[in-house]
There are 2 protein chains.
Amino acid sequence: MHEPLITYINQYVSSSLTGEEEKLIITSFQPKRLRKKQYFLQAGEVCKNTGFILEGAMRQYSVDDKGGEHIVHLYIENYWATDRESSIMLTPSIYNIDAWEDTQLLIISRANMLDLMNKIPALVEMIRLMDERYAIANNRRLSSTISNTAEKRYEEFAQNHPQFNLRFPQHIIASYLGVTKETLSRIRKQSLK
Amino acid sequence: MHEPLITYINQYVSSSLTGEEEKLIITSFQPKRLRKKQYFLQAGEVCKNTGFILEGAMRQYSVDDKGGEHIVHLYIENYWATDRESSIMLTPSIYNIDAWEDTQLLIISRANMLDLMNKIPALVEMIRLMDERYAIANNRRLSSTISNTAEKRYEEFAQNHPQFNLRFPQHIIASYLGVTKETLSRIRKQSLK
DNA sequence: AAAAAGCATTGACATTTGTCAACGCTTTTT
DNA sequence: AAAAAGCGTTGACAAATGTCAATGCTTTTT
């Protein structure tokens, strides 16, 4: 059950994990099942866990005064679901994270993760690399959001994240792009011609 | 001349740097002066250096087909100026970074930085912490950009970055927020009432 | 099987934001 | 001292996007 996680880690680090390290990881990550719509994190709670997605799809979003949902992140297999701000700062999260599809996770608490990092140097290295890539991806998205029209942003999105485009309904994607579902509907209609 | 950098690093890590480590850092970071408008990085080049700002102000921006500038980052004292994507991936940058004011930097190449990190564990820890905070800040900005109107974004900006608001002209801030200078001008006029 | 909920689309219209051009003021350059 | 460049503002108008309401279709729930 934990193989995808081990594979994921080994892809990040130069030297493979030892058998000992693998065992440690396997015992530290707990399997958890979420049914569709079930919360992984609810706004107001402190985010205690990080989840590695084995199967399924999740979303992170905030809710405004009028009940509108604003999607900040989408997650599928091999993504990590968490609110780092809340988890690191121990502050109540302003986000909800929930399952969009029935989802199978491997979860670990921040305390256990820090513990693991002390015992397995390769994990520290992995996280450093992940943070680098995460920073780069986030920067691109930010840059695109600031500079481009909704149409251009959708094009880039469809190009860069075909998986998301297939897996999530349009109104979710619209929110992820920062436009209304009606606008996205019209953009897509346009671009067919 | 290097004290602000040493102070900066010591604030990040639990145990202070040893005298030996300080020396190593001081010899690894080269002072560099940029005059107003001088490029630190020009689009098309691979970003080789990271600069720690001792004094001055800089900006990172892309230029579109019509010559329009889109500000992605602003930097002042105690900020790090670099294009991580280019620096890490060794790809030509799509951004310019230049000095908005006359600026005094301490620069280090990526190779030398990696070398330093091997020799000074505290630096690895610092970068991990910086990455965390960077990820959090970036997420907030992204979340705000997607979810809020231009007016709300400006409010948050003025709240969170009063230093930038004082130091950079309005048309730069407008671009940073993803609106035109005319729109920002009107927003500010509104909010006086 | 019927009812309800979720999803995408469309039209009409309102609001926000962008574009272009002009102006006045200040700072910088010559 | 004169000229040029930079900056912020304003008005008129255009374009992009949001809002609201209605519809039809599909999926889920009862």
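What average pLDDT does chain A have? Chain A averages 94, and 99% of the residues score at least 70; pLDDT is the predictor's confidence in each residue, from 0 to 100. This is a predicted model, in which local features need pLDDT of at least 70 and side-chain atom pairs count only at pLDDT 80 or more, while totals for chains, interfaces and linings use all residues. Residues are numbered from 1 along each chain as its sequence is written, and chains are lettered from A and ligands numbered from 1 in the order in which they are written. For the complex, the predictor gives an ipTM of 0.89 and a pTM of 0.92.

**Stop 1: both protein chains**

Start by selecting chains A and B together. Chain B superposes on chain A by a rotation of 180° with 0.0 Å of shift along its axis, at an RMSD of 0.0 Å.

**Stop 2: where the chains meet**

Now pick out the side of chain B that touches chain A. Here 22 residues of chain B are in contact with 22 residues of chain A, contact being C-beta atoms, placed from the backbone, within 7 Å. β5, α3 and α5 (121-147) of chain B each supply at least two residues of this side; helices (H or I, at least four residues) and strands (E, at least two) are DSSP runs, numbered from the N terminus. Ala, Val, Leu, Ile, Met, Phe, Trp, Tyr, Cys and Pro count as nonpolar, Asp, Glu, Lys and Arg as charged, and the others, Gly among them, as polar.

**Stop 3: DNA strand C**

Next, show DNA strand C with the 15 residues around it, of which Pro169(A), Gln170(A), Ser185(A), Ala150(B) and Thr183(B) come nearest. A residue is near a strand if its C-beta atom, placed from the backbone, lies within 6 Å of it. Two or more residues each come from α8 (170-177) and α9 (181-191) of chain A, and from α6 (150-160) and α9 (181-191) of chain B. The most, five residues, come from α9(A). This surface holds three nonpolar, six polar and six charged residues.

**Stop 4: DNA strand D**

Switch to DNA strand D, which 15 residues surround; the closest are Ala150(A), Thr183(A), Pro169(B), Gln170(B) and Ser185(B). For this surface, α9(B) gives the most, with five residues.

**Stop 5: an annotated span**

Select residues 32-119 of chain A, which an unreviewed UniProt entry lists as "domain: Cyclic nucleotide-binding". UniProt positions are given in the numbering used here, feature names are shortened, and annotations may be inferred rather than shown by experiment. The span is 18% helix and 44% strand, and its end C-alpha atoms lie 24 Å apart.

**Stop 6: two backbone details**

Most residues other than glycine have a negative phi. Asn78(B) sits in the loop between β5 (69-75) and β6 (80-81) of chain B. Finish at Leu90(B), whose phi is near 60°, in the loop between α3 (84-89) and β7 (96-99) of chain B.

Methods
Two residues are in contact if their C-beta atoms, placed from the backbone, lie within 7 Å. Copies are superposed by least squares on the C-alpha atoms of residues with pLDDT of at least 70 in both.
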